[in-house]
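Trainee: Could you go through this structure with me? I would like to learn how the terms are applied.

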Amino acid sequence: MDRDEQQLAEAFDATVAAEGRIEPRDWMPEGYRKTLIRQIAQHAHSEIIGMQPEGNWILRAPSLRRKAILLAKVQDEAGHGLYLYSATETLGVDRTELTEKLIDSRQKYSSIFNYPTLTYADIGVIGWLVDGAAICNQVPLCRSSYGPYARAMVRICKEESFHQRQGFELLMTLMAGTDAQREMVQDAVNRWWWPSLMMFGPADGDSPNTQQSMAWRIKRHTNDELRQRYVDMSMPQAEALGVTFPDPELRWNPERGSYDYGAIDWDEFTAVVKGAGPCNAQRLAHRRAAHEGGQWVRDAASAYAAKQAERAARRQEGEVAVA
């Protein structure tokens, strides 16, 4: 590292240490840029892939009101993906490249979206537990050291908070219904609880990126810290809802002031991340088909933009000639 680069690195470190924001035109270490691209792209992919399990129920939702609510939520998730792809583009990558890496399995998305939505109660549980985990994980990202990412997260977290309340309201409605509806809710909770805990990523001792991301202030808390916060947050909500979590070891620990919980099946997590989950192939096949099916729209938009640029250039030439 030469003297000028050393000075830039020191200025970068000082900005991060002072809780400042790194902006796209600022100098940054290549490792910082690559880490951001990996994390933000994975987040963007998760928002887009995450539309699928809920979109599966739009036409089957039991009322026009519930259809409209679910449709609005899926649209929000699409918007979140676009915000985040825009944030990655400030780091010098193209979203088309990122999409191609996703559908070729060269980039990941959240493991939670590789599980099926078997009943309508799953929609409420996704809103409550999955979006609740997202909020727990993402609110600290509003203070990320990278400006475009932090600013995108402010709006995303506001909308995710609304999604969680909507999911909880749906479950409260079902729990006030028939025995069959209450059983359906409990079954959905049983299936989604452990995958929700896996959303925070591997245990701290097995997470190769956490310490550096925290040093750079990209992340603010470790995976296990966020997971514990999520468990502590979820237990009172489950009691209010009238459901239980499928963990016989889940109990309050007065000495720690938090809930103890059982061992997570990390073999399942690893299998899902590597592509062997219940819906991995289906999710990527659907995303690939949507991308390929939309090629004509991208081509038309590019042709229109080129035509407009050509017309603007001709007008400018005419104005110069007149002058």
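Trainee: Among contacts between residues at least 6 apart in sequence, what share joins residues at least 24 apart?

Mentor: In the protein chain, that share is 76%. A contact here means heavy atoms within 4.5 Å. Keep in mind that this is a predicted model, where local features need pLDDT of at least 70, side-chain atom pairs count only at pLDDT 80 or more, and totals for chains, interfaces and linings use all residues. Residues are numbered from 1 along each chain as its sequence is written, and side-chain values use heavy atoms, leaving out hydrogens and water.

Trainee: How do you know how confident the predictor is in the protein chain?

Mentor: We look at pLDDT, the predictor's confidence in each residue, from 0 to 100. Its mean is 94, and 98% of residues reach 70 or more. Helix α13 (residues 295-322) has the lowest confidence, at a mean of 87, while helix α8 (residues 179-198) has the highest, at 98.

Trainee: What makes a run of residues a helix or a strand?

Mentor: Both are DSSP runs, numbered from the N terminus: a helix is H or I with at least four residues, a strand is E with at least two. The protein chain has 13 helices and two strands. E160, for instance, sits in helix α7 (residues 147-175).

Trainee: Why is E160 said to have no salt bridge?

Mentor: A salt bridge needs a side-chain nitrogen of Lys or Arg within 4 Å of a carboxyl oxygen of Asp or Glu. For E160, the nearest side chain of opposite charge, K73, is 6.1 Å away, so there is no salt bridge. (Lys and Arg count as positive, Asp and Glu as negative; His and the chain ends are not counted.) E160 is also buried, meaning under 20% relative accessible area, with exposed over 50% and partly exposed in between (1.4 Å probe, protein chains only).
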